[in-house]
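Please keep the sequence and the structure at hand while reading.

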Amino acid sequence: MLLTLMTVLPVSYRRAMNTAALSLALLMLTGCASLGNSSQPEAPKPDLSELAHQAAQQMMASNPDLTRYSPMIAATFVSIDNLSQSSTFGRISSEIMASALAQQGMQVREVKMRDSMFIEENVGELILSRQVQRLSAQHNARSILMGTYAQGQDSLYVSARVVRAGDAMVLGSADFRLPLDNNIRSLLEGQGGW
């Protein structure tokens, strides 16, 4: 019936109806497309604390006996490019990672309360290989948390490990990557540029 009606109507009416039908179809398609394209807020990227806690869980999962090597002391994480250099990032990374391991059941000995650990202004607690035996004996520690970080163009890579104090064997390790945003850059500033 609609087809019959279309053939009887003048050409100008038929064109107007075709245009209206096409416009209606396009409007419906656009509406459907926008429904499927609802802008969902992007999930926040994990921060240092979240990633450190995940790394601690990973360490414990890979070596359930890790807590047997308690107590542990934590060394400041250092730049992979210069192992005698650190930054605010290195100091806070070590603190957060030690806290995360403590929450996983590791006994962590606080060494800042004693003055026997090598502490250098603006660097923090650095563990030099020749000092490991002496420091672990002084603090009665069976393991040491150590870590390094490397700065890339868009990311900061962190490698953390717990080593046995007696022979420096790695008991657990985990790595993670952080986006190099302004917050992380400001934590790295103390190491002489970024």
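## Salt bridge

Searching the whole structure, which is a predicted model, turns up 1 salt bridge. The partners are R164 and D167, whose closest N and O atoms are 2.8 Å apart. Side chains of opposite charge can pair when their charged atoms come close.

How accessible are the two partners, R164 and D167? R164 has 25% relative accessibility and therefore counts as partly exposed. D167, at 42% relative accessibility, is also classed as partly exposed.

## Second largest pocket

The second largest pocket has a volume of about 170 Å³. It is lined by 13 residues, and those closest to its centre are D47, L48, L178, N183 and I184. Two or more lining residues come from each of these elements: α3 (48-62), α4 (88-103), β7 (170-179) and α6 (182-188).

Which element gives the most to this lining? That is α6, with 3 residues. Sorted by class, the lining of the second largest pocket consists of 8 nonpolar, 2 polar and 3 charged residues.

## S86 in its loop

S86 sits in the loop between β2 (78-79) and α4. Is S86 buried or exposed? Its relative accessibility is 2%, so S86 counts as buried; the cut-off for buried is under 20%.

The side chain of S86 has a polar atom 2.6 Å from the backbone oxygen of F77.

Technical notes: Residues are numbered from 1 along each chain as its sequence is written. This is a predicted model: local features need pLDDT of at least 70, side-chain atom pairs count only at pLDDT 80 or more; totals for chains, interfaces and linings use all residues. Side-chain values use heavy atoms; hydrogens and water are left out. A salt bridge is a side-chain nitrogen of Lys or Arg within 4 Å of a carboxyl oxygen of Asp or Glu. Buried means under 20% relative accessible area, exposed over 50%, partly exposed in between (1.4 Å probe, protein chains only). On a 1 Å grid over the protein atoms alone, a cavity is a set of points where a 1.4 Å probe fits but cannot get out, and a pocket is an open set with protein on both sides within 12 Å along at least five of seven lines; lining residues have an atom within 4 Å of a point. Grid points are joined across faces, edges and corners, and a volume is the space filled by probe spheres set on the points. Helices (H or I, at least four residues) and strands (E, at least two) are DSSP runs, numbered from the N terminus. Ala, Val, Leu, Ile, Met, Phe, Trp, Tyr, Cys and Pro count as nonpolar, Asp, Glu, Lys and Arg as charged, and the others, Gly among them, as polar. A polar contact is a pair of N or O atoms within 3.5 Å; within protein, one must be able to donate a hydrogen and the other to accept it, and residues adjacent in sequence count only if both atoms are side-chain atoms.
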